[in-house]
Amino acid sequence: MKYHPIDKNLFIKNRKNFTAQMKPNSIAVFNSNDIYPISADSMMPFEQHRDIFYLSGVDQEESVLLLFPDAPQEKHREILFLRETNEHIAIWEGTKLTKEKAFETSGIKTAYWLKDLEKIFFEVMTQCETVYVNTNEHYRSNVETETREDRFTKWWKSKYPAHNVAKSNPILQRLRSIKDPVELDLMQTACNITEKGFRRLLSFVKPGVWEYNLEAELLYEFINNRSKGFAYTPIIASGHNANVLHYIENNQQCKEGDLILMDVAAEYANYSSDLSRTIPVSGKYSKRQREVYDAVLRVKNEATKMLVPGTIWADYHVEVGKIMTSELLGLGLLDKADVQNENPDWPAYKKYFMHGTSHHIGLDTHDYGILIEPMQANMVFTVEPGIYIPDEGFGIRIEDDVVIQKEGEPFNLMANIPIQAEEIEELMNQ
Ligand SMILES: [Mn+2]
């Protein structure tokens, strides 16, 4: 791991909040992700499952966390099962968690090697009634592979068919959506690394550079600042490519007069940031580009003001849609008849702005959070309106990450990242 150690009290607190919501005499189990194969002996880089990370800080493959708050033996209230390590294994595999290191990371006193899992699990299962299973109920999840968690669930269900089952996911969705101050600091760090990358680009971009050159410059800055890299696949879309919402080829040359829409951001300690900026290749927006840019920025600023406790996500999107509609009328992209005759299920503005304005962000870029429940303080949301105009050969999106406050406007974690057109032009022309 490149990141600095995280205060284990965060994970101790997270477990306390989780177990407080468990039924009497129940256990909950959380598995690491698999390391996914490519072919031959090649593997994809490991990405820890965010739930076991959230509850333990353990950032290592083949780990299992077991929580049993009512365990008759105190040492079994919290257990980690880890890959065995010793001096010999360390030479071949590098540093893995020892039992001592696992305690320093997680605050969990009881750690066993994986070979003891079946035996200890049997003992625990004879003492509990209910097992919390960690299914994936994220509103955008779409998983075809069988995860390590799925295999574990199949295994214990066939061996212990008489236990009751309960769901971890709704508890985690609610807990993870509200960030602890320690988490907000980590997210601020991710945003600050993203800022460094973006500022580097402002002095780098010139007509003739290739989209992948920008990707390389960002990655250089991210890794030099202890990030693993991009929080999600970077979108670096010059000219017309900006109208392909998930353009990730990043293989075109940036031409004089075009804009570059970039949806690019760093992760830090598994926390995501999520930034979009749209800059002119030649260091100056055309009059038309500037009109549209300022319209998107106004929508973003107005939308941000609505991210306050009590707001319902769906209602918020209706309101943002109204603001966007009036901007599109001002730009001459819609006329009154378009709006009067619009289909309420697909309002006229969607022709130019067809995606959502905000999502939860945290350990996942599209983070946990139950969208039908009112917004609360310390939730973190993106704000990312855009206007895409294929007929004019450009698209603009502007995105910051903001923290909902108890009172007043949200706190912008990206307040230091240049956003005003004049400032961007000035920095590009220094
Ligand atoms: Mn986003």
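Start by selecting proline 390, in the loop between strand S13 (386-389) and strand S14 (394-397). Helices (H or I, at least four residues) and strands (E, at least two) are DSSP runs, numbered from the N terminus. This is a predicted model, where local features need pLDDT of at least 70 and side-chain atom pairs count only at pLDDT 80 or more, while totals for chains, interfaces and linings use all residues. Residues are numbered from 1 along each chain as its sequence is written, and side-chain values use heavy atoms, with hydrogens and water left out.

Stay on proline 390. Its relative accessibility is 45%, so proline 390 counts as partly exposed. The cut-offs are under 20% relative accessible area for buried, over 50% for exposed, and partly exposed in between (1.4 Å probe, protein chains only). Leaving aside neighbours within four places in sequence, proline 390 is in contact (heavy atoms within 4.5 Å) with His240 and Asn243.

Next, histidine 76. Look in the loop between strand S2 (64-67) and strand S3 (78-82). Histidine 76 counts as buried because its relative accessibility is 1%. Beyond its neighbours within four places in sequence, histidine 76 is in contact with Phe68, Ala71, Tyr112, Ile120, Glu123 and Val124.

Now show helix H5 (residues 117-127) and helix H6 (residues 148-159). Their axes come within 12 Å and cross at roughly 55°. Axes are lines fitted to C-alpha atoms, for helices over the stretch in contact, and angles run from 0 to 180 degrees between N-to-C directions. H5 and H6 are therefore oblique to each other. Angles under 35 degrees count as roughly parallel, over 145 as roughly antiparallel, 65 to 115 as roughly perpendicular and the rest as oblique.

Finish inside. A nonpolar core is a set of buried Ala, Val, Leu, Ile, Met, Phe, Trp, Tyr and Cys residues joined through side-chain atoms within 4.5 Å. The largest one has 102 residues; Phe18, Phe30, Ile260, Met262, Ile279, Tyr293 and Ile387 touch the most other members. Helix H8 (residues 181-202) gives the largest share of this core, nine residues. Domain 1 (9-176) and domain 2 (181-428) each supply at least three; these bounds come from an automatic or database domain assignment. Last stop: a second, separate core of 20 residues, including Ile27, Val64, Tyr112 and Ile120.
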